[in-house]
Amino acid sequence: MMRTTDLQYEVTDVVIFGAGLSGIGCAAYLHRKLPGKSYQILEMRDDLGGTWDLFRYPGIRSDSDLYTFSYEFKPWKSDKSIAPAEEIKSYIAETADEYDVRERIRFGRKVIACDWSSEEALWTVTTERTGTGERETWRARWIFSATGYYDYDQGYRPEFAQEGSFDGPIIHPQSWPDDLDYTDKRIAVIGSGATAVTLLPALSEKAAHVTQVQRTPTYVLPLPTQDPWLRWLRPFLSADRIHRTLRTKNIMRQSVFWRISRRFPNWMRNFVRKLNVKYLPEDYPIDTHFNPPYDPWDQRLCFVPGADLFKRLEDGSCSIVTGKIARFDESGIAMEDGSHVDADIIVTATGLNLKLMGGAEYAVDGKAVHWPDHLIYKGMMLDNIPNFAFSIGYTNSSWTLKVGLLCEYFCRLLAEMDERGMGICYPERPDRQMKTRPLLDFQAGYVQRSIDILPRQGDTYPWEMTFNYREDAKMMKRGAVIGPELHLEPSPAPFSDAAQ
């Protein structure tokens, strides 16, 4: 996998892929915990923020509370518990500036290939400049891939019958046009997930009418825009203490909510239904539009701050149609039951595609890496791939809760290796028959469509994906750093960076 390149840079301790929430977080942890370590961040886009810079559709916001979605070490100070993208991106930028991360980011670099050499104990990373196509190489002792698992190039877009007959624009939220004027337009939003329930109230502010077209319903829960505890805590506690208090409270709430959902799904289904009844118009057909055919947390729940979706359904600016689409026609969408959704614009909020490790090619000593052949270790490493870590957050609570733990353990691991004089580290699969299963036991469409390209997980810790923050925190923050599954080696014969 050797490639001809134009520029080559000096060796760094860690190269981080992605300048989003996870990548900036990893850099900040390295700055705080291991200030002597050198690192670079390679970011494909021209600005930091990741998801919060990519998506530009109206109303885009978090689907988790920001006291748990933010970093543990940097308080979330906004009054909004569920926040819009611009506030989240500003928070990420503040973190980057506070910890001198921005100067280490190299923008406009798309990672093409990563090649590990055991002889040198180094990764060679090949990038391509997005503006010029120029190739560069970067050499590092460790890779921390913080690209997430979404395809940033294109979202999931199923084909609909007779699409070409529709007279208006068809838009995917991942490619929202900056110049789209939807004032007084009729808009049909196809989809039932977080993007759809965010778009409806946001678009209704200017549109003539917005209709959500969903094949099956989703669990939708109203949340207050501001955490109710904030008003009571603010006169007595500092911003740091408020952040820690609300973060702890919300971690416990998420855990309890998820556990009840899994153990008593019918109780949770009734609880959600009662909330929906409370906020929806009287005699609204809840069992048609808000009664999913699956249990709570088989797929991620949708949260709506300030009950904005329910308010728009009540005032008539939005509506929901549940059923199967037969075809598009000149004036909108024809449903299989014979009804019709009139539309001037159709938005396909039909989901995302997965692209593991940003789509880069990996090789270890010349042998190409096939991700499904590998088992995950502690939710962040893969067996027999040296000096490589990546970040995947929780699916049942805030993404960043898990990523923060991974970054803490990563720093502990690097420090322990230095203390032992070791330069190479990789997990070794146990010498026994192990049952494996998909990396993500999650029923969301974007996961199920890509299940065969992902690594696997095993049947017991540390080869399982774990979803309990309190247990994970014990293991990652205070548990043993080096377990029997980790293979350690000293670096090969000493070399100098200048000789590289």
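Where is Ser-204 found?

## Ser-204

Ser-204 lies in the loop that runs between α5 (194–203) and β9 (209–214). The structure is a predicted model. Ser-204 has 10% relative accessibility, so this residue counts as buried, the cut-off being under 20%.

Which residues is Ser-204 in contact with, leaving aside its neighbours within four places in sequence? They are Val-210, Arg-312, Ser-317 and Cys-318.

## Helices α1 and α4

Helix α1 covers residues 21–33 and helix α4 covers residues 85–98. Their axes come within 10 Å and cross at roughly 25°. Angles under 35 degrees count as roughly parallel, and therefore α1 is roughly parallel to α4. The crossing of α1 past α4 is left-handed.

On the α1 side, the residues that meet α4 are Leu-21, Ile-24 and Ala-28. On the α4 side, they are Ile-92, Thr-95 and Ala-96. By class, this contact has five nonpolar residues and one polar residue, with no charged residues. An α-helix has 3.6 residues a turn, so residues three or four places apart point the same way.

## Helix α11

Helix α11 is formed by residues 399–420, a run of 22 residues. From its first C-alpha to its last, α11 reaches 32 Å. This is close to the 32 Å expected at 1.5 Å a residue.

Is α11 largely enclosed or largely open? Of its 22 residues, 16 are buried, so α11 is largely enclosed by the rest of the structure. After α11 comes Gly-421, which has a positive phi, near 70°.

Key. Residues are numbered from 1 along each chain as its sequence is written. This is a predicted model: local features need pLDDT of at least 70, side-chain atom pairs count only at pLDDT 80 or more; totals for chains, interfaces and linings use all residues. Side-chain values use heavy atoms; hydrogens and water are left out. Axes are lines fitted to C-alpha atoms, for helices over the stretch in contact, and angles run from 0 to 180 degrees between N-to-C directions. Helices (H or I, at least four residues) and strands (E, at least two) are DSSP runs, numbered from the N terminus. Angles under 35 degrees count as roughly parallel, over 145 as roughly antiparallel, 65 to 115 as roughly perpendicular and the rest as oblique. A crossing is left-handed if the near helix is turned anticlockwise from the far one by less than a right angle, and right-handed if clockwise. Contact means heavy atoms within 4.5 Å. Ala, Val, Leu, Ile, Met, Phe, Trp, Tyr, Cys and Pro count as nonpolar, Asp, Glu, Lys and Arg as charged, and the others, Gly among them, as polar. The expected span of a helix is 1.5 Å times one less than its number of residues. Buried means under 20% relative accessible area, exposed over 50%, partly exposed in between (1.4 Å probe, protein chains only).
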